[in-house]
Amino acid sequence: FRILHHEHNRGLSAARNTGTDAATGDYIYYLDSDDYISDDCLEVLAEPLRDKEYDMVVGRMKMFDEREEEYIWVDETTIIEGNENVFKAYYVDRKMYATAWNRLIKRSLFEKFNISFKEGLLHEDELWNYMLFTQLQSVVIVNHRTYYYRIRSNSIITSATTNIKKHIADTYYTAEYALTHPWTAD
């Protein structure tokens with residue numbers, strides 16, 4: 001492994017972009033610092049890739065706070081192929097969540113389609129997911145809990161300050177613009 005760092009804190013988007021640019025493996029996996037994964041997470045997510053290459057493999061996750069909710073979109077391992085089917089499963093059917101974490105994503109897609117996180121946005125995953133899902137041709141959803149997502153009362157997600165609301169509005173405006181101006185890798 002290598003330790004990468006920035007001269008000053010540029011935020012989550014910059015950190016993810018730096019790590020993605022430095023990666024050398026066939027697939028990328030993101031893990032947020034306050035969450036954790038199951039002991040067999042990477043093994044479980046890599047299993048479908050033994051027989052065939054897929055653009056992405058995603059597992060189930062459990063949110064934990066006082067509610068202990070679990071999000072399950074499929075009852076069994078599901079393979080989705082074809083770009084229209086993949087995009088529909090994400091954007092219309094909501095079978096996958098709008099995050100970067102808990103997925104093995106084929107690294108070559110980032111360079112081929114110039115996909116990166118926009119710096120300066122909170123909820124940067126929204127726009128990034130749109131760019132990613134407009135290009136994916138195949139996804140496997142594994143019916144196995146691999147990720148544990150911690151909800152904190154003072155986090156970006158749960159905060160309600162005016163500044164946070166502005167960033168959320170900016171993100172949704174950017175995502176809405178992207179929906180009306182289809183993403184291309186020109």
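Tyr90 and Phe133 are both buried (under 20% relative accessible area, 1.4 Å probe, protein chains only). The model is predicted, with local features needing pLDDT of at least 70 and side-chain atom pairs pLDDT 80 or more, while totals for chains, interfaces and linings use all residues. Residues are numbered from 1 along each chain as its sequence is written, and side-chain values use heavy atoms, without hydrogens and water.

**Aromatic pairs**
- The whole structure holds 11 aromatic pairs (ring centres of Phe, Tyr or the six-membered ring of Trp within 6.5 Å; stacked means planes under 30 degrees apart).
- Tyr90 and Phe133 are stacked, at 4.1 Å centre to centre and 10° between the planes.
- Tyr90 belongs to helix α3 and Phe133 to helix α5, so this pair ties together parts 43 residues apart in sequence (helices are DSSP runs of H or I, at least four residues; strands are runs of E, at least two).
- Trp101 and Tyr147 are also stacked, with centres 4.3 Å apart and planes at 5°.
- Both Trp101 and Tyr147 are buried.
- Tyr30, Phe110, Phe117 and Trp128 are linked by ring pairs into a cluster.

**Nonpolar core**
- The largest nonpolar core has 33 residues, of which Tyr30, Met96 and Trp128 touch the most other members (a core is a set of buried Ala, Val, Leu, Ile, Met, Phe, Trp, Tyr and Cys residues joined through side-chain atoms within 4.5 Å).
- α5 contributes the most to this core, 6 residues.
- Beyond four places in sequence, the contacts of Met96 include Tyr90, Phe133, Val58 and Ile141 (heavy atoms within 4.5 Å).

Conventions. Buried < 20%, exposed > 50% of the residue type's maximum accessible area, 1.4 Å probe, protein only. Phe/Tyr/Trp six-rings, centres within 6.5 Å; stacked < 30°, edge-to-face > 60°.
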